[in-house]
Amino acid sequence: AQWEGLTGRIVFNKTSGLRTDFDLDIVSLKEDGLEKVGVWSPSDGLNITEPTRRQGPNVTDSLTNRSLIVTTVLEEPFIMFRKSDTVLSGNDRFEGYCIDLLKELSHILGFMYDIRLVDDGKYGAQDEKGQWNGMIRELVDHTRCQLPRAVRTALPHNTA
């Protein structure tokens, strides 16, 4: 089965039912609707096609020369452990769409980052007492997270 979706071509393997042979279109919400600004594929990674626009000071300028902690959960094809014959450490342990996107954003905006898996492996949900778990908990507590991969919120790293 195959058809065009909002983020590009969708093809499913008839035997396994898994999505295969895909590219993801990167879209940006503009004043007149969605506009394709790039593409990501498992084989080629991220390719941004929209030219960088600089129109004076921007809120993203505050990320320059900052260190962020990015907390995430493993979820293919977005965040995966990189397969290697050698022991990998730090950010080199990970690959996938969100990793490629994070590398590109880091390059464009001039920030550094440290990727960490969330302790409980959860995105975040409230319990009956209103307490959060997962990435949301880490963001609320300001313990480890400035950039949760699923929530996509950035806060400057406190060095104090």
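Author: A polar contact is a pair of N or O atoms within 3.5 Å; within protein, one atom must be able to donate a hydrogen and the other to accept it, and residues adjacent in sequence count only if both atoms are side-chain atoms. The model is predicted, with local features needing pLDDT of at least 70 and side-chain atom pairs counting only at pLDDT 80 or more, while totals for chains, interfaces and linings use all residues. Residues are numbered from 1 along each chain as its sequence is written, and side-chain values use heavy atoms, with hydrogens and water left out.

Helices (H or I, at least four residues) and strands (E, at least two) are DSSP runs numbered from the N terminus. Strand β4 covers residues 33–41, and Ser41 belongs to this strand. The side chain of Ser41 comes to 2.9 Å from the backbone nitrogen of Asp44. Ser41 counts as buried because its relative accessibility is 6%; buried means under 20% relative accessible area, exposed over 50%, and partly exposed in between (1.4 Å probe, protein chains only). Apart from residues up to four places away in sequence, Ser41 touches Phe22 and Asp23, where contact means heavy atoms within 4.5 Å.

The neighbouring subject is the aromatic side chain of Trp40. Rings of Phe, Tyr and Trp (its six-membered ring) pair if their centres lie within 6.5 Å, and planes under 30 degrees apart count as stacked, over 60 as edge-to-face and the rest as tilted. By this rule, four aromatic pairs are counted. In one of them, the ring centres of Trp40 and Tyr97 are 5.4 Å apart and the planes stand at 80°, so the arrangement is edge-to-face. Trp40 lies in strand β4 and Tyr97 in helix α1 (residues 97–109), so this pair ties together parts that are 57 residues apart in sequence. Trp40 is buried, since its relative accessible area is 3%. Tyr97 likewise counts as buried, at 12% relative accessibility. Together with Phe78, Trp40 and Tyr97 make up one aromatic cluster.

A salt bridge is a side-chain nitrogen of Lys or Arg within 4 Å of a carboxyl oxygen of Asp or Glu. Under that rule, three salt bridges are found. In one of them, the side chains of Asp25 and Lys36 meet at 3.5 Å, N to O. Asp25 is in strand β3 and Lys36 in strand β4, so the pair joins parts that are 11 residues apart in sequence. Another brings together the side chains of Glu95 and Arg82 at 3.8 Å, N to O. Glu95 lies in strand β8 (residues 94–95) and Arg82 in the loop between β7 (80–81) and β8, so that bridge ties parts 13 residues apart in sequence. Both partners are partly exposed: Glu95 has 29% relative accessibility, and Arg82 has a relative accessible area of 33%. Asp114 and Arg116 also form a salt bridge, with their closest N and O atoms 2.8 Å apart. Asp114 is partly exposed at 28% relative accessibility, and Arg116 is partly exposed with a relative accessible area of 29%.

From Tyr97, the account can be carried along helix α1. Ser106 has its place in this helix, and its 13% relative accessibility makes it buried. Residues up to four places away aside, Ser106 touches Phe111, Met112 and Tyr113. Phe111 sits in the loop between α1 and β9 (112–117) and is buried, at 5% relative accessibility. The contacts of Phe111, leaving aside neighbours within four places in sequence, are Leu63, Asn65, Arg66, Leu68, Leu102, Leu105 and Ser106. With Leu63 the C-alpha atoms are 5.7 Å apart, although 48 residues along the chain separate it from Phe111.

It remains to set these details within the whole. The protein has two helices and 10 strands, which run β-β-β-β-β-β-β-β-α-β-α-β from the N terminus on. Of its 160 residues, 28% are buried. Among contacts with a separation of 6 or more, 37% involve residues 24 or more positions apart.
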